[in-house]
Amino acid sequence: MKKTTWQPRTVAAQAAGHVDPVTGAIVPPIQLASTFERDPDNGYRRGYIYARPDNPNVRVAEEVLTTLEGAATSLVMGSGMAAATTAFLALDRTPDKPAHVVAPNIMYWALKNWLAGPARTLGIEATFVDATNSDAIAAAIRPGATRMVWLETPANPTWAISDIAATADIAHKAGALLGVDSTIATPVLTRPIELGADIVMHSATKYLNGHSDIIAGSLSFARSDALLERAKGLRSSLGAVLSPFEASLLVRGMRTLHLRVAHQCASALTVARHFSGHKRVAEVLYPGLRGPGHNIAAKQMQGGFGGMLSIRVAGGEAAAIGAAARVELWKRATSLGGVESLIEHRASVEGPGTPCPPDLLRMSVGLEDPADLIADFEQALS
Ligand SMILES: *Cc1c(COP(=O)(O)O)cnc(C)c1O
């Protein structure tokens, strides 16, 4: 059976079918070399020159990810932030003609801060809108100046849902690109390129790797065009490529992505249902529950609503921090998407100016038995 006809999960399980031609090893070897031999005729027919532009282990990870996303090609980077900032820096712009972008009010905090601050000095001008509202996105677009609309769906830390297909239409009609931070949805649940996105970004630190033991990021592209070439050039000149060892761990993580995400979706829904309507809970935020965004989520997420939820604790900030202090099984830590469940008081992480409600605990559901997770948070609330 030909690799080109394999389903995405088959490609992921087999690490794109790579077998080491020298030893027959069924796990791609870690190639640590910083430099590669030139051919006698001065060429580089084996395809590698130096490990800053890319390296063999990064290319295996990219091959798997490109299949998972249904993309033309992918770039694996040293972090999610490296990937996201590269997507913006690669936009078409000149010193006297900045690139205008439209981005969500609710999005990954560090990226929003970068867009609102340092990005301005680099010729990127962001307008932040309620990205759950397509009309608000359309109204923020400046015809001829807007280069990209950026979505994050579900969005940190309220899991607000944006309509990818509707936003792709709006962006494309105005001659702008659509970029999607799909870290939370993962390619198991949503394939944004099939819905019209031009660039898909991941913090591969999260679900793609899935074991809380590397920092990595990625960009997948709908087309191999000038945008890709500029992003590739930035990765090389900024030195933002992932190291071979971490790329190898990322490939190992992606082999089990489908299994992990399916379990995490089922458990998150169980936890969300258990605590919605609970007397010590003000609100459970989860796109799998009836509420704003649920119908769009059901349309663009296949097989589940993700492993992330947030609980707003009745009694406000002190009650929320108190509950987080009493958990024994959940780990109090930032980040998400690993096999162990994490909980965090998100407003403490984001700091002054955050739109995050002060009573909100962000929960990343791992692979434990959901009954244990529920019992532990029950005792923490009481
Ligand atoms: C973690 C995260 C990022 C940043 O990724 P890093 O790997 O930490 O640089 C961006 N977007 C989302 C949604 C994230 O959860």
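**Note on the structure**

1. Of the 382 residues in the protein, 53% count as buried. The model under review is a predicted one, and the remarks below should be read accordingly.

2. The secondary structure of the protein consists of 15 helices and twelve strands. Its radius of gyration is 21 Å, close to the 21 Å that the globule rule gives for 382 residues, so the protein is as compact as a globular protein of that length. Along the principal axes, the C-alpha atoms fill a box of roughly 75 × 55 × 35 Å.

3. Contacts across the sequence deserve mention. Among contacts in the protein with a separation of 6 or more, 70% are accounted for by residues 24 or more positions apart. As for the surface, the protein exposes about 15,800 Å², and carbon and sulfur atoms supply 56% of that area.

4. Oxygen atoms of the ligand take part in several pairings with the protein. A polar backbone atom of M81 is 2.8 Å from a ligand oxygen atom. In the side chain of T205, an N or O atom is 2.7 Å from an oxygen atom of the ligand. A polar side-chain atom of N156 lies 3.5 Å from a ligand oxygen atom. Taken alone, the ligand exposes 380 Å², and the protein buries 93% of that area.

5. Is S220 buried or exposed? This residue is found in strand β7, which covers residues 217–221. S220 has 0% relative accessibility and therefore counts as buried, the cut-off being under 20%.

6. The surroundings of S220 can also be described. The side chains of S220 and S74 are joined by a polar contact of 2.8 Å. With neighbours within four places in sequence left aside, S220 is in contact with L65, E69, A71, T73, S74, I193, D198, I199 and V200.

Definitions and conventions:
Residues are numbered from 1 along each chain as its sequence is written. This is a predicted model: local features need pLDDT of at least 70, side-chain atom pairs count only at pLDDT 80 or more; totals for chains, interfaces and linings use all residues. Side-chain values use heavy atoms; hydrogens and water are left out. A polar contact is a pair of N or O atoms within 3.5 Å; within protein, one must be able to donate a hydrogen and the other to accept it, and residues adjacent in sequence count only if both atoms are side-chain atoms. Accessible areas come from the Shrake-Rupley method with a 1.4 Å probe; for residues, only the protein chains shown count as cover. Helices (H or I, at least four residues) and strands (E, at least two) are DSSP runs, numbered from the N terminus. The radius of gyration is taken over C-alpha atoms; the globule rule is 2.2 Å times the number of residues to the power 0.38. Buried means under 20% relative accessible area, exposed over 50%, partly exposed in between (1.4 Å probe, protein chains only). Contact means heavy atoms within 4.5 Å.
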